[in-house]
Amino acid sequence: PPSSLVVDPYSPSTLYAVAGGLYRSIDGGESWRAIPIPGVMPYLLTLVVIDPTTPDTLYVSTRSGGSVDPPPGIYKSTDGGPTWREIWKAAVSALALDPSNPSTLYAAQIGSWKYDGVWKSFDGGGTWFRTSLVGYVAQLFLDPQDTSTLYAVWNESTEFRNVLVKSTDGGENWSRTGSDAQNILTPVVYDRQSRLFYALTT
């Protein structure tokens with residue numbers, strides 16, 4: 001199954017999926033064509049995000065591979081996939097774009113310990129700034145009605161459990177939300193219409 005799937009909001013029959021590589025369908029999923037990214041092994045791809053205002057702008061992330069593989073990173077295309085450039089050298093577990101201001105990106109860096117946490121870019125990935133949420137983050141969500149409000153599934157390292165945290169100021173400050181007594185299992189499903197979360201807990 002794909003690890004990531006997005007739909008072109010202007011052409012719903014156009015989809016992009018990550019499943020051992022990046023693939024594009026222009027017929028609603030009936031057929032797929034691989035999109036190569038020069039220098040990147042297809043099996044290292046993890047996530048794809050589409051700019052809802054300019055659907056030819058795509059972002060993909062890669063994970064760490066073997067010693068001969070390139071370092072993990074985030075890559076950007078502004079022409080629907082034929083050309084790509086690396087915009088950040090980091091492994092990320094989550095990648096989100098602000099639909100009201102697509103130059104604003106959020107990424108959850110992992111695998112570095114010292115730099116793990118949520119980072120933010122105001123210029124489409126050209127430069128990145130660290131937010132106050134530090135540590136392992138499994139998932140990121142933006143409130144569709146107020147994109148300065150973010151939610152993250154964050155690992156509380158002191159008690160080794162996943163909790164849901166919330167920021168109402170674009171990532172500057174974070175606080176817990178929901179039940180503190182439970183460990184949240186991932187993946188968490190966020191219904192953007194009802195703005196409700198669904199998750200298994202232990």
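This text walks through a predicted model, from the whole chain down to one residue. Residues are numbered from 1 along each chain as its sequence is written, and side-chain values use heavy atoms, without hydrogens and water. Local features need pLDDT of at least 70 and side-chain atom pairs pLDDT 80 or more, while totals for chains, interfaces and linings use all residues.

The chain has zero helices and 18 strands (DSSP runs numbered from the N terminus: helices are H or I with at least four residues, strands are E with at least two). Its radius of gyration is 17 Å, close to the 17 Å from the globule rule for 202 residues, so the chain is as compact as a globular protein of that length. That radius is taken over C-alpha atoms, and the rule is 2.2 Å times the number of residues to the power 0.38. Of the 202 residues, 48% are buried (under 20% relative accessible area, with a 1.4 Å probe and protein chains only).

Strand β9 covers residues 91–97, and seven of its seven residues are buried, so β9 is largely enclosed by the rest of the structure. It pairs with strand β10 (residues 105–110) in the antiparallel sense over six bridges; pairing requires at least two bridges found by DSSP. Leu-95 has Ala-107 of β10 as its bridge partner.

Leu-142 lies in strand β13, residues 137–142. Leu-142 is buried, with a relative accessible area of 6%. Beyond its neighbours within four places in sequence, its contacts include Ala-96, Leu-97 and Tyr-106, where contact means heavy atoms within 4.5 Å. Trp-84 is 58 residues from Leu-142 along the chain, and their C-alpha atoms are 26 Å apart.

Methods: Buried < 20%, exposed > 50% of the residue type's maximum accessible area, 1.4 Å probe, protein only.
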